[in-house]
Amino acid sequence: MGALCVSLSVSCAPRAPAPAAQSVVATNLAPPRGSVLEQACTPTGPELCFNAVDDNCNGVIDEGCGAPTGLLQFVIAWGASPADVNLSVVTPAGERVPEGRTRSTPSGFHLDRDCPGEDGCGGQNLENVYFDGAEPPRGHYVVEIALAALNGAEPPVKVHLGARLGARALGFDVELGPGEDARKTFAFDLP
Ligand SMILES: [Ca+2]
Ligand SMILES: [Ca+2]
């Protein structure tokens with residue numbers, strides 16, 4: 001027999017371990033140069049695919065769209081632009097994903113799309129890096145968004161970066177162009 005809990009009081013329930021997402025809290029957020037952090041999430045309706053936005057404010061970006069997600073996730077979207085934009089993440093261990101043609105790190109980070117050019121990218125450019133485990137490595141992260149080639153696109157190339165950091169989703173509008181604007185970074189710490 002269990003305890004004599006006849007009410008619906010929460011205190012009667014066995015204490016559940018905190019969800020892993022709640023233990024992942026990023027600090028020292030450094031937005032890309034020229035970008036403003038989108039803190040507040042305003043639900044705008046059902047989740048829309050391929051926009052790197054958490055439209056329904058459930059903390060998950062582009063869920064149900066075929067893109068794998070995880071406790072850490074970084075997504076860039078740049079619509080139908082012909083520009084070649086690359087997303088990469090440097091982990092606390094100094095691993096980089098992707099690294100050349102290698103799309104996964106030993107610690108569990110993966111890139112699952114490389115646009116434009118792959119099947120399914122046409123008109124909905126999206127790159128997605130996610131962590132597949134329950135305990136993301138602690139330390140300093142750098143997310144890089146780089147313009148590799150304009151391919152005839154008119155600068156600036158407007159890219160939306162969405163990030164899922166545990167239970168929290170946030171985003172930035174990033175503009176890329178020639179010169180020093182060809183590479184922008186978002187950095188944070190996971191203490
Ligand atoms: Ca969502
Ligand atoms: Ca979305």
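Visitor: What makes the five strands β1-β10-β7-β3-β4 an open sheet, and in which sense do they pair?

Guide: In this predicted model, the 5 strands follow one another in the order β1-β10-β7-β3-β4, with antiparallel pairing. The sheet has edges, where β1 (27-30) and β4 (96-97) each have a single partner strand, so one side of each is left without a neighbour in the sheet.

Visitor: How do you know that β1 and β10 pair?

Guide: Two strands count as paired if at least two bridges are found between them. Between β1 and β10 there are 2 bridges, in the antiparallel sense, and therefore the pair meets that cut-off. Along these strands, Ala30 stands opposite Ala187 in β10.

Visitor: Why is the set that includes Ile76, Val85, Val159 and Leu161 called a nonpolar core?

Guide: The name applies to buried residues of kinds such as Ala, Val, Leu and Ile that are joined through C-beta atoms within 7 Å. The largest such core has 40 residues, of which Ile76, Val85, Val159 and Leu161 touch the most other members. Several strands each supply at least two residues of this core, among them β2 (72-77), β3 (84-90) and β8 (157-165).

Definitions and conventions. Residues numbered from 1 in each chain as written. Chains lettered and ligands numbered in written order. Predicted model: local features only at pLDDT ≥ 70, side-chain atom pairs only at ≥ 80, totals over all residues. Buried ≥ 20, exposed ≤ 12 C-beta atoms within 10 Å, placed from the backbone. Helix = DSSP H or I, 4+ residues; strand = E, 2+ residues; numbered from the N terminus.
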